[in-house]
Amino acid sequence: MKNTNVSKYEQEKRLLHGGDYNPDQWLKYPSILADDILFMEKVKANTFSVGIFAWSALEPTEGGFNFGWLDKVIDDIAEIGGNIILATPSGARPAWLSAAYPEVLRVNARREKMLHGGRHNHCFSSPAYREKITIINTKLAERYGNHPALLMWHISNEYNGECHCELCQDNFRAWLTRKYDNIDNLNDVYWSAFWSHTYNDFSQIESPSPIGESGLHGLTLDWKRFVTDQTIDFYRDETAPLRKITPNVPITTNFMGEVPKPNPFTGLDYAKFAKEVDIISWDAYPRWHNDYETTEFLASKLAFLNDYFRTLKDKPFLIMESTPSMVNWHPVNKAKRPGMHMLSSVACLAHGSDAVMYFQWRKSRGSSEKLHGAVVDHDNSTENRVFRDVQELGEVMEKIAEIKGSTTPAKVAILYDVENLWALSDAQGFHGGTEYNNKKYPETMLAHYRAFWKHNIPVDVITKDKDLAKYDLVVAPMLYMTDATLMEKMAAYVAGGGIIVSTYMLGVADENDLVHPGGFPQVLRDVFGIRVTEIDTLYPKDRNGVTFGEKQYEAFDYCAIVETHGAKVLGTYIGDFYGGSPAVTGHKYGDGAAYFIGARTNEDFLDDFYAPFIQNSLPITAQDGVSVQVRENDGHTYYFIMNFTEETKQITLEMTFEDMLRRQMMQSGTYDMKPYGVYILKQAKEGS
Ligand code: GLA
Ligand code: GLA
């Protein structure tokens, strides 16, 4: 008997290949829709996200529903064995809705009321919007909940942004009242005596604004937390009918990365949001072949993001969107060179994705995305280069389908905390301006990550709510904001045998962005065996140096000045008034150890510093620029070998593997890899 608790998604044996499909733009062209079905089979696409922006096709007039076209699309895709990821349409709304219920239109931070248009821009508080989306989501769930092709729900699209309307102000004040209970508590936490900003009553509070309050960091942090909570609150309303009517259909919403930054979207706290979704999915748009970084460097950014999204729920995720060729919104929209579509897709599978989905299946004829890459171009051809690239990947994804569900065995974790990024971004100090990129928190995270990635060591990118105990090593760079819980967690981890590495900026402020009284917190003094007494910020051209071991390294941007209280000095500053003082320290604490890197350095230092921690037992070695990533399940280990360079590189296999793509055995020995080349090798686990 079929176990009804096992979702269709869990039963699905294929990796998901397909993408955003917008038949609602082509309803007047039945021959195009017929071609789509034929072409989908040709590229071995098996899954389509449908209805993302289809509200006006589904409900052309208020209360007048039209599902006929969607019935046919879903049936047609079902007929070729395809899955549907059915979207709720809240990402964009019909004109009639904005006209009848102006409250759905956002007010921006400058308190300007928006007009109808665009997308991703509804007020998250609006009762009218919540009511309308509940009605249509209920209808979608009732109509398609039992359809055999329904795989998953795709909630809205790329939730983002904020609204400052009166409804949102009221909700924000209610949120603050729940949090602080009385206004004195809030004033204390906000340090509002500063510039006479003391509030008498919650009713005086306004969301942060460039024409109003922006310097109370407790307020700006709380507002960002509220925006996440309010977005989740809206999402819960959206998903309520789906959870009720289709409890067995998993729910996802597509998250974002920030391009060209290495970090996830910063407008929401995805660590919180992840708890609300069943499967993580995200939209990946790296700027391949750009003129300012190597392919290898860009690949490590993508790897970092994939590792972050995998670690959010400690299980495989989905690439919900990627482009088979180019996008239309980068500053330069360059085509993927031959080989890159395969390489960039395998790069995601290698780090834990069980899908390669595209935006978009077919290029639209008009409007802003008519020049955005797609599987099917305006020529409607199945012979062009991009279509054939997609077809080739479809074949590969069938050959390696058994990797679905396999996991990544990481023993190293890097802590990335978006609240820390928010606080660093607000902090008026260090490097000028309020832009966090001046302080380079994400870039620093990436620099530390690369020390492991370059040696093919799997890494989890964790958020601060995660358990540390399962890791051998936890790296927490620039952890400016350290609340008491986090510090205790770090202390317990090290006491229990863990190794932690942190850097300059550690332990400055608490969760309200109030500086820890008494300076460097006692718990951190105990664990690290140091006290940070000053942080020196350098001009861009200034250089200091660090002596570490036998070598000297450049130090720039930030130099923390440190007193040791039990820690061993591993490196010292070369110059300036703190020349000769500790720059790198290590301290045994309990059964573990805590290391502190006081200065910002180049990768050469990080490579040497982390070298003793890197034990690579991979049976494959590769030249620089070739990445080897591992996934495993009970029976097998899978090796993804990827040449992220424009040159031929060599790899050496220490044993015989099964080459999954060429369906042959590969004996031990040295092999050439062509530029952008890919191998996917398989090895049975001993005893299985
Ligand atoms: C000005 C202001 C002070 C303070 C300093 C900071 O001088 O008068 O209140 O903000 O700048 O440097
Ligand atoms: C985002 C959106 C898509 C589309 C793509 C274009 O990821 O979710 O609807 O606009 O960008 O790259």
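User: What should I know before I start?

Analyst: The model is predicted, so local features need pLDDT of at least 70, side-chain atom pairs count only at pLDDT 80 or more, and totals for chains, interfaces and linings use all residues. Residues are numbered from 1 along each chain as its sequence is written, chains are lettered from A and ligands numbered from 1 in the order in which they are written, and side-chain values use heavy atoms, with hydrogens and water left out.

User: Which strands does β2 pair with?

Analyst: Helices (H or I, at least four residues) and strands (E, at least two) are DSSP runs, numbered from the N terminus. Two strands pair if DSSP finds at least two bridges between them. Here β1 (residues 16-21) runs parallel to β2, joined by four bridges, and Gly19 sits opposite Phe48. β2 also pairs with β3 (residues 83-87), again parallel and over four bridges; there Val50 faces Leu86.

User: Are the faces of β2 covered or open?

Analyst: In a regular strand the side chains alternate between the two faces of the sheet. In β2 (residues 47-50) both faces are covered: Thr47 and Ser49 are buried on one side, Phe48 and Val50 on the other. Buried means under 20% relative accessible area, exposed over 50%, partly exposed in between (1.4 Å probe, protein chains only).

User: Which residues of helix α18 are buried?

Analyst: An α-helix has 3.6 residues a turn, so residues three or four places apart point the same way. In α18 (residues 603-610), Phe605, Leu606, Phe609 and Tyr610 are buried. They line one face of the helix, because seen down the axis they fall within an arc of 115 degrees (the arc of the directions from the helix axis to the C-beta atoms).

User: What does Tyr610 touch?

Analyst: Contact means heavy atoms within 4.5 Å. Leaving aside neighbours within four places in sequence, Tyr610 contacts residues including His448, Phe452 and Val501. Tyr610 is also one of the residues with the most contacts inside the largest nonpolar core, which has 194 residues. Such a core is a set of buried Ala, Val, Leu, Ile, Met, Phe, Trp, Tyr and Cys residues joined through side-chain atoms within 4.5 Å.

User: What is the strand order in the open sheet of five strands?

Analyst: The order is β22-β23-β28-β25-β26, with antiparallel pairing. β22 (626-632) and β26 (664-666) are the edge strands, each pairing on one side only. Inside the sheet, β25 (residues 657-659) and β28 (residues 678-684) share two bridges, with Glu658 opposite Lys682.
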